Amino acid sequence: MRRFIFSCIIVIYFILSSNTYAYELFGGKYRNPNSLKYWIDSSVINAGYEARVVYGSEAFDSSPLIGTTRTYDASQANYKWWASTKDMGSVVADCINYNVNWLGQVTACWDCTYDKSQLRIYLPGFQKLSWVQTRETTAHEVGHALGLDHEDDVRAIMLSKGFLNDEYPQSDDWNGINAIY
């Protein structure tokens, strides 16, 4: 019996003391994450979501690896926010990362180093969310812009479905940012 109890204690010790990395990475990242600029289209401002988009854009700024500032010049922005009136059902926002070559051609990029992202909120679904859920959603989309994928195994704002009802990046989100940058 003692041997069984001792074995259980050892197993529990190793389980609790091991590091787990549950975050999921897209495989891509920004070229210069500490000097990112974001721009907000008038479609977001006119819909009344400017403050929530500003929050999401700056949600990861407490990391020494990430730095964002707002620009009012769309041509200088690394990521741009738009609002759409298209009803996408349960999809309330999305993000696409991309590069623009010297010819002006756009190439979507999930597993490379990129310079640009487009983030879009879909107003029909977004308008049904609570204040906290809209802020969580904008931070979630910026997580995608920074290279994080969905994570459903641990508490993270990068959930594929549903909400934590907590607008702040969680430790798993921070672990992902630290792994990328």
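Q: In this predicted model, which side chain meets that of Arg-120 in a salt bridge?
A: The model is predicted. Side chains of opposite charge can pair when their charged atoms come close. Here the N to O distance is 3.1 Å, and a salt bridge requires a side-chain nitrogen within 4 Å of a carboxyl oxygen. The partner of Arg-120 is Asp-94.

Q: Which parts does the pair of Arg-120 and Asp-94 tie together?
A: Arg-120 and Asp-94 meet in a salt bridge. Arg-120 belongs to strand β8 and Asp-94 to strand β5, so the pair ties together parts that are 26 residues apart in sequence. The strands are β8 and β5.

Q: Is Arg-120 buried, partly exposed or exposed?
A: The buried class ends under 20% relative accessible area, and the exposed class begins over 50%. Arg-120 has 27% relative accessibility, so the residue counts as partly exposed.

Q: How many bridges pair strand β5 with β8, and in which sense?
A: Strand β5 covers residues 93–100. Within this pairing, Ala-93 stands opposite Ile-121 in β8, and the bridge partner of Tyr-98 in β8 is Lys-116. The pairing is antiparallel, and the bridges number 6.

Q: Which strand is joined to β8 by bridges and runs parallel to β8?
A: Strand β8 covers residues 116–122. Arg-120 in β8 is the bridge partner of Trp-82. A total of 6 bridges join β8 to its parallel neighbour, residues 79–84, which is strand β4.

Q: Which residue takes a positive phi in the hairpin of β5 and β6?
A: The hairpin has 5 residues between its strands. The phi in question is near 85°, and the residue is Gly-104.

Q: How far apart in sequence are the parts tied together by Arg-31 and Asp-115?
A: The side chains of Arg-31 and Asp-115 meet in a salt bridge with an N to O distance of 2.9 Å. Arg-31 is in the loop between β1 (29–30) and β2 (36–40), while Asp-115 is in the loop between β7 (113–114) and β8, so the parts tied together are separated by 84 residues.

Q: Which helix holds the salt-bridge partner of Arg-70?
A: Arg-70 meets Glu-50 in a salt bridge at 2.7 Å, N to O. Arg-70 lies in strand β3 (residues 68–70), and Glu-50 is 20 residues away in sequence, in residues 50–58, so the helix tied to that strand is α3.

Q: What is the relative accessible area of Glu-50?
A: Arg-70, the partner of Glu-50 in the salt bridge, counts as partly exposed at 22% relative accessibility. Glu-50 is partly exposed as well, and its relative accessible area is 28%.

Q: How much space lies in the largest pocket?
A: Rolling a probe the size of a water molecule over the atoms shows where empty space is left. The largest pocket is lined by 21 residues. Its space is about 440 Å³.

Q: Which element gives the most to the lining of the largest pocket?
A: The lining residues nearest the pocket centre are Ser-90, Val-92, His-140, Ser-160 and Lys-161. Both β5 and α5 (131–145) supply at least two residues each. With 5 residues, the element giving the most is α5.

Q: What is included in the cover of the buried residues of α6?
A: Helix α6 spans residues 171–180. Its buried residues are Asp-172, Asp-173, Trp-174, Gly-176, Ile-177 and Ile-180. Their cover includes β1.

Q: What percentage of contacts in the protein between residues at least 6 apart in sequence join residues at least 24 apart?
A: The protein has 6 helices and 8 strands. Of its 181 residues, 43% count as buried. Among the contacts between residues at least 6 apart, the share joining residues at least 24 apart is 71%.

Methods. Residues numbered from 1 in each chain as written. Predicted model: local features only at pLDDT ≥ 70, side-chain atom pairs only at ≥ 80, totals over all residues. Heavy atoms only, no water. Helix = DSSP H or I, 4+ residues; strand = E, 2+ residues; numbered from the N terminus. Buried < 20%, exposed > 50% of the residue type's maximum accessible area, 1.4 Å probe, protein only. Contact = heavy atoms within 4.5 Å. Pairing = 2+ DSSP bridges. 1 Å grid on protein atoms, 1.4 Å probe; cavity = no way out; pocket = protein on both sides within 12 Å on 5 of 7 lines; lining within 4 Å. Points joined across faces, edges and corners; volume = space filled by probe spheres on them.
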